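Hi there,

Here is the structure I promised to pass on.

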Amino acid sequence: MQITPRLRYALLLVAAALLVAALAGPVKRTLAERERAEKSRAIAEQVARDRAAAAERFKADRPAIIAALRGHVERGEYVEALRVAAPFGAVPDEELRELFREAAQQESLRQRAAHYAALVERDCTEANAREWATRIAGTAAGDAARTHAPHRLVRVDGAEARRIVLSRMREPPPAEHAAHRPPPGSDAAAAAPPPATERDPIARVRDDFRARLLPDYLGLVHSPKADSVICVWRAEGERAAGTRPIAWTLDLWLAPALDLKGLTGDAAGYAERPAAAG
């Protein structure tokens, strides 16, 4: 077939169109990348200018800025302190950074204390206390599948609740008991008492129902805000031990769970005695 000038021109147009279509994608991506790079460079340059301006302002007004920041921290106005310090975050001034760290830590603690208090207000209920007391009593009886609900349940607060919690916190955890046990087969091992789970119901439930606590909560328990973050109930009930009825008393501490989503039961105090006849 003879290629006429008109057909040759049409073919050239088609080839050019195909070439443009093939190059359009890479060209578009190149332009977009160049635009992003320019925007990033502009942002970085603006940040550098802002930091330089902040450094100059801090250098000129350092005594006033430090005094304002310290005043907010001393008055417990931690959010305001953070606002004062925020523009100077990149300034290499140790006193400024120390005040900023203190304000940030105290504000974080304040927020966590509010969260713990909200958990206690929401979940420190008779229903939750009854559920945990029933579970603990069932474990003590060696039959957690049965119902061992308390027949008496009262909220403990104030100094008595703090005493129960602090006393429990002073006890070494079960893992420490195990870590210090003598090697099996030794004379010391033969003379040592058996593990808690092999001894009696009291030791068993107090080992099994032991709260694991976050450090900031431990600090709050020793603070003036302790009452708002403590939940303690006293439960009483009975269970059968063979043919003998056993009366039990439980000091139940509902402590914040590690995931901070609820309260978990701690057998802070558990005692048993023969039930009164009749």
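A definition to begin with: pLDDT is the predictor's confidence in each residue, on a scale from 0 to 100. You will want it here, as this is a predicted model. The protein chain has a mean pLDDT of 81, with 76% of its residues at 70 or more. One stretch to watch is residues 176-185, where pLDDT stays under 50. The model has ten contacts beyond four places in sequence for residues 176-185. Where pLDDT is low, the predicted coordinates should not be read in detail.

Now for the covalent link. Searching the whole structure turns up one disulfide. Its partners are Cys-124 and Cys-231, and their sulfur atoms lie 2.0 Å apart. The link of Cys-124 and Cys-231 is right-handed, with 85° about the S-S bond. Distant parts of the chain are joined by this pair, which sits 107 residues apart. Cys-124 is in the loop between helix H3 (94-123) and H4, while Cys-231 is in the loop between helix H9 (215-221) and strand E2 (232-241).

H3 also packs against another helix. The axes of H3 and helix H2 (residues 78-85) come within 9 Å and cross at roughly 145°, and this crossing is left-handed. On the H2 side, the residues are Tyr-78, Val-79, Ala-81, Leu-82 and Ala-85. They meet Leu-96, Phe-100, Ala-103, Ala-104, Gln-106 and Glu-107 in H3. By class, the contact of H2 with H3 has nine nonpolar residues, one polar and one charged.

Helix H4 (residues 126-140) and helix H8 (residues 201-208) have axes that come within 8 Å and cross at roughly 135°, which makes H4 oblique to H8. H4 passes H8 in a right-handed crossing. Ile-136, Thr-139 and Ala-140 of H4 make the contact with Pro-201, Arg-204, Val-205 and Asp-208 of H8. Sorted by class, the contact of H4 with H8 has four nonpolar residues, one polar and two charged.

Happy to talk any of this through.

Best wishes

Conventions: Residues are numbered from 1 along each chain as its sequence is written. This is a predicted model: local features need pLDDT of at least 70, side-chain atom pairs count only at pLDDT 80 or more; totals for chains, interfaces and linings use all residues. Side-chain values use heavy atoms; hydrogens and water are left out. Axes are lines fitted to C-alpha atoms, for helices over the stretch in contact, and angles run from 0 to 180 degrees between N-to-C directions. Helices (H or I, at least four residues) and strands (E, at least two) are DSSP runs, numbered from the N terminus. Angles under 35 degrees count as roughly parallel, over 145 as roughly antiparallel, 65 to 115 as roughly perpendicular and the rest as oblique. A crossing is left-handed if the near helix is turned anticlockwise from the far one by less than a right angle, and right-handed if clockwise. Contact means heavy atoms within 4.5 Å. Ala, Val, Leu, Ile, Met, Phe, Trp, Tyr, Cys and Pro count as nonpolar, Asp, Glu, Lys and Arg as charged, and the others, Gly among them, as polar. A disulfide is a pair of cysteine sulfur atoms within 2.5 Å.
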